[in-house]
Amino acid sequence: MLRYLSFVFKSSLRNRRRSVLTVSSIAVSLCLLGVLMAMYTVLFLSNEATPAQALRLVVHHRVSITQPLPVAFEQQIRRIPGVRDVMIWQWFGGVYKDARDPNNFFARLVVEPDHFFNIRSELTMPEDQKQQFLKMRSACIVGKKLADKLHFKIGDRIVIQGDIFPVNPELTVVGIYSDPTNTEEESLYFNYLYLREALGGNSQQDLIGALSVEADNAKDVPRIADAIDNTFANSQYPTKTESEKAFQLSFIAFLGNLKLFLAAICGAVTFTILLVSANTISMSVRERVREVGVLKTLGFTRGSILGIIIGEAVVISAIGGVLGGLMAFGLCSFVRNFPYTEMFFRNLFFTPGVAATAFATALLIGFVSSFVPAYGASRTSIIDSLRYAG
């Protein structure tokens, strides 16, 4: 078959307009398919928990993450065997400067500095900055990416306008931390006691959003999760305890069954490419029935003709697959760096594995879509082929 490679390539581009349109449609479809596969991979197949993350659990209200829990739950959880540490984890929200500017959108969270670096042990920051965060009630720390993006420096004052809470914290940047996983480097953390004092006698003072729990070892994690939920099962505030990654994915669950949604779209895109490619190859074969008769007259076997026609389809699909892969790579990069992109897609990469799968899909589509018309053409007799008028 290799000796016919030059002939296959030239024949595949014979009708340039149709070939360009087919390649373009395959490229766009493969681009979409590649991005969806990258999204599926980053959400459900990658990002295995680090040793520190494997020890952490998040406790929130069973009904919804928007429902609060009593702050008193923290001390009760501490008494459960196997729990190494517990920390209040509260989404503050609020508005920084102009909410219409996407650069001003970042996570603003309330934590307990005394426990923060015990539980978030992978985060690193100079010791003097840690001590300042512990001592100063109105202190805050920011991730390195966030500091670079908004040009935050040590000593800067940051004012957040409250929306969930009726307070406007005035914070001072005392530290810039680094996160080797890059998942939290665009967050701001400040002291829970500062928020509690600012709320005064407000009803929200004794309520929190969630608790971050650290276990002594990974083997105890399932048992601790069951123990926490059983402890509060009959209370007014039943809990749901889950791993950190599962908690992050619960935000996406608001969209429904995303796994099924992505799989369905991938299937629809693949089927669409198959129809487009099959239609193009069928048109090409119908136009060249007489040519097939000539090839057979010159001594080309059925197998050779079958391979040539299939090869033409595979060449077109391969070109579309390469272009689609390059487009998917650029689109993933755009999504990853877009200011409003959720933290789940900060690691959206068009990896070699995804690229290989997308390219293999393109080749498979080229083969499947061309096999039936190619087989029919190879079986046509010389007389029928030469007699064919089109």
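The following exercises, with worked solutions, concern a predicted model. Residues are numbered from 1 along each chain as its sequence is written. In this model, local features need pLDDT of at least 70, side-chain atom pairs count only at pLDDT 80 or more, and totals for chains, interfaces and linings use all residues; side-chain values use heavy atoms, without hydrogens and water.

**Exercise 1.** Determine where confidence is lowest and highest in the protein chain.

*Solution.* The score is pLDDT, the predictor's confidence in each residue, from 0 to 100. Its mean over the protein chain is 85, with 89% of residues at 70 or more. Helices (H or I, at least four residues) and strands (E, at least two) are DSSP runs, numbered from the N terminus. The lowest mean, 66, belongs to helix α1 (residues 5-12), and the highest, 96, to strand β8 (residues 170-177). Where pLDDT is low, the predicted coordinates should not be read in detail.

**Exercise 2.** State how many disulfides the whole structure holds, and examine Cys-31.

*Solution.* A disulfide is taken as a pair of cysteine sulfur atoms within 2.5 Å. The search finds zero. For Cys-31, the nearest cysteine sulfur is that of Cys-332, 7.9 Å away.

**Exercise 3.** Decide whether Gln-129 is buried or exposed, and list what Gln-129 touches.

*Solution.* Gln-129 lies in helix α5 (residues 127-135). Its relative accessibility is 15%, so Gln-129 is buried. Leaving out residues up to four places away in sequence, Gln-129 is in contact (heavy atoms within 4.5 Å) with Ile-154, Val-174, Gly-175 and Ile-176.

Methods:
Buried < 20%, exposed > 50% of the residue type's maximum accessible area, 1.4 Å probe, protein only.
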